[in-house]
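The structure is shown first, and the description follows.

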Amino acid sequence: MSETLDTKGLACPLPVLKTRRVLRNMAEGEILTVEATDPASVIDFTHFCNTTENEMVEHTEADGVFTYVIRRGT
């Protein structure tokens, strides 16, 4: 199962906080795609995944929209 979270227009740390809330309700191994527009989100999402059991599967940027594909960890 996969879900998408739109956090475009929100400033950090809100995108990460909303992501954390959605991931809590997902099963281990499920995929969450997060879209954000805050350039600082790159640092925040990298740190979030490095300090939790969640895995950043992919990170891309196109036309000012940052897309993070995160696999729910344990």
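Predicted model: local features only at pLDDT ≥ 70, side-chain atom pairs only at ≥ 80, totals over all residues.

## A buried threonine

T7 has a relative accessible area of 0% and is therefore buried, since the cut-off for burial is under 20%. T7 belongs to the loop that runs between β1 (2-6) and α1.

Side chains of opposite charge can pair when their charged atoms come close. How many salt bridges does the count come to? The count is three.

One of these salt bridges joins K8 to D6, with 3.2 Å between the closest N and O atoms. K8 is partly exposed, at 36% relative accessibility, and D6 is likewise classed as partly exposed, with a relative accessible area of 47%. K8 also forms a salt bridge with E35, at 2.9 Å from N to O. K8 lies in the loop between β1 and α1, whereas E35 lies in strand β2 (residues 31-36), so this pair ties together parts that are 27 residues apart in sequence. E35 is partly exposed, its relative accessible area being 24%.

## A bridge between β3 and β4

The side chains of E55 and R71 meet in a salt bridge of 2.8 Å, N to O. This pair links distant parts of the chain, with E55 in strand β3 (residues 55-62) and R71 in strand β4 (residues 65-71), 16 residues apart. E55 is partly exposed, with a relative accessible area of 39%. R71 also counts as partly exposed, at 31% relative accessibility.

## A positive patch on the surface

K18, R20, R21 and R24 gather on the surface in a patch of positive charge. K18 is found in helix α1, which spans residues 14-24. The relative accessible area of K18 is 31%, so K18 is partly exposed and passes the cut-off of over 30% that patch residues must meet.

Terms used:
Residues numbered from 1 in each chain as written. Heavy atoms only, no water. Patch = residues over 30% accessible without salt bridge, like charges linked within 9 Å, V, L, I, M, F, W, Y side chains within 5 Å. Areas by Shrake-Rupley, 256 points an atom, 1.4 Å probe, with all protein chains shown as cover. Salt bridge = Lys/Arg side-chain N within 4 Å of Asp/Glu carboxyl O. Lys, Arg positive; Asp, Glu negative; His and termini not counted. Charge placed at Lys NZ, Arg CZ, Asp CG, Glu CD. Helix = DSSP H or I, 4+ residues; strand = E, 2+ residues; numbered from the N terminus. Buried < 20%, exposed > 50% of the residue type's maximum accessible area, 1.4 Å probe, protein only.
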